[in-house]
Amino acid sequence: MPFRFRRSARLGPLRFNFSKSGLSSISLGGPGASFNIPVSRSGGARTTVGLPGTGLSWSVEQGGEEPIGRRAAIPAGPAEDLPNSRRLKPGQLDALKASCLNVLHQQLFQAGGMGAQLWELNLVSRLLNDPAIGERTSGLLTVIETPEAMEAYLLRAQGQDDLKRRAKRCIEAVQEAGRLAAGRDWLA
C-alpha cells in the first residue's frame with residue numbers, strides 16, 4: 001500500500017491543504033458546509049454542504065448547478081497527457097485568480113481584522129518607510145502595501161503554481177506586517 005501525505009494549516013478561518021507537491025487547495029468553512037478553491041487540480045471552486053457524521057454531502061462548482069460527479073466531460077485538448085495540475089481550460093486561471101483574490105480580501109482583510117487595520121491606518125507604508133526594515137522584508141511588504149498593489153501582484157500570475165506562490169507570499173506579508181506593527185504598538 002503506497003503512503004500518502006496530507007497536511008493542512010490554519011490561518012484564521014482559512015485552511016491551507018498541502019500535498020507532496022505543495023499547496024493543493026484553500027478551504028473556508030468546516031463540518032456541514034465548506035468552500036474549497038483548488039490550486040493544484042483542474043476545476044473550479046467547490047461548495048460542499050453535508051450532514052456531519054452521516055457521510056452524505058452535496059457538492060457544486062461555483063457558477064454551476066450540477067453536482068461535481070455529474071458534470072459532462074470536457075476534452076482537455078492537446079494537454080491531455082499532462083498531469084491535471086498543469087491543465088487549465090480557457091478562463092480557469094482567470095477564475096482562479098479572482099476566487100483567490102476574493103478569499104484573501106474576505107479573510108485576511110475583513111473589517112475590524114488585523115489586515116484591514118494595516119490598510120486603514122496605512123501601517124504597511126509606515127513600515128516601508130522605517131529604515132530598520134531590511135530589504136527582503138521591504139520587498140515582502142510591498143506586495144500588500146495597498147489593495148491595488150495586492151490585486152495587481154496576484155493578477156500577474158502566469159499559472160497555477162505561480163498563483164499559489166503569490167497567494168502564499170501575500171499571506172506571509174500580512175503575517176509579517178502584523179508582527180512588526182504589533183511590535184511597535186501600532187495595532188489596537
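Predicted model: local features only at pLDDT ≥ 70, side-chain atom pairs only at ≥ 80, totals over all residues.
## Cavities

Two cavities of 30 Å³ or more are counted in the model. The largest cavity has a volume of about 50 Å³.

## Lining of the largest cavity

The residues that line the largest cavity are Ile26, Ile37, Val39, Leu96, Cys100, Gln160, Leu163, Lys164 and Ala167. By class, this lining comprises seven nonpolar residues, one polar residue and one charged residue.

Two helices, α1 (92-108) and α6 (160-183), each supply at least two residues of the lining. The greatest contribution comes from α6, with four residues.

## Packing of α1 against α5

Two packed helices are described by the angle between their axes and the distance between the axes. For α1 and helix α5 (residues 147-155), the axes come within 10 Å and cross at roughly 150 degrees. Because angles over 145 degrees count as roughly antiparallel, α1 is roughly antiparallel to α5. The crossing in which α1 passes α5 is right-handed.

On the α1 side, the contact is made by Lys97, Leu101, Leu104 and His105. On the α5 side, Pro147, Met150, Glu151, Leu154 and Leu155 take part. Classified by residue type, the contact of α1 with α5 has six nonpolar, one polar and two charged residues.

## Summary of α1

Notes. Residues numbered from 1 in each chain as written. Heavy atoms only, no water. 1 Å grid on protein atoms, 1.4 Å probe; cavity = no way out; pocket = protein on both sides within 12 Å on 5 of 7 lines; lining within 4 Å. Points joined across faces, edges and corners; volume = space filled by probe spheres on them. Nonpolar A, V, L, I, M, F, W, Y, C, P; charged D, E, K, R; others polar. Axes fitted to C-alpha atoms, helices over the stretch in contact; angles between N-to-C directions. Parallel < 35°, antiparallel > 145°, perpendicular 65-115°, else oblique. Left-handed = near helix turned anticlockwise from the far one by under 90°. Contact = heavy atoms within 4.5 Å.
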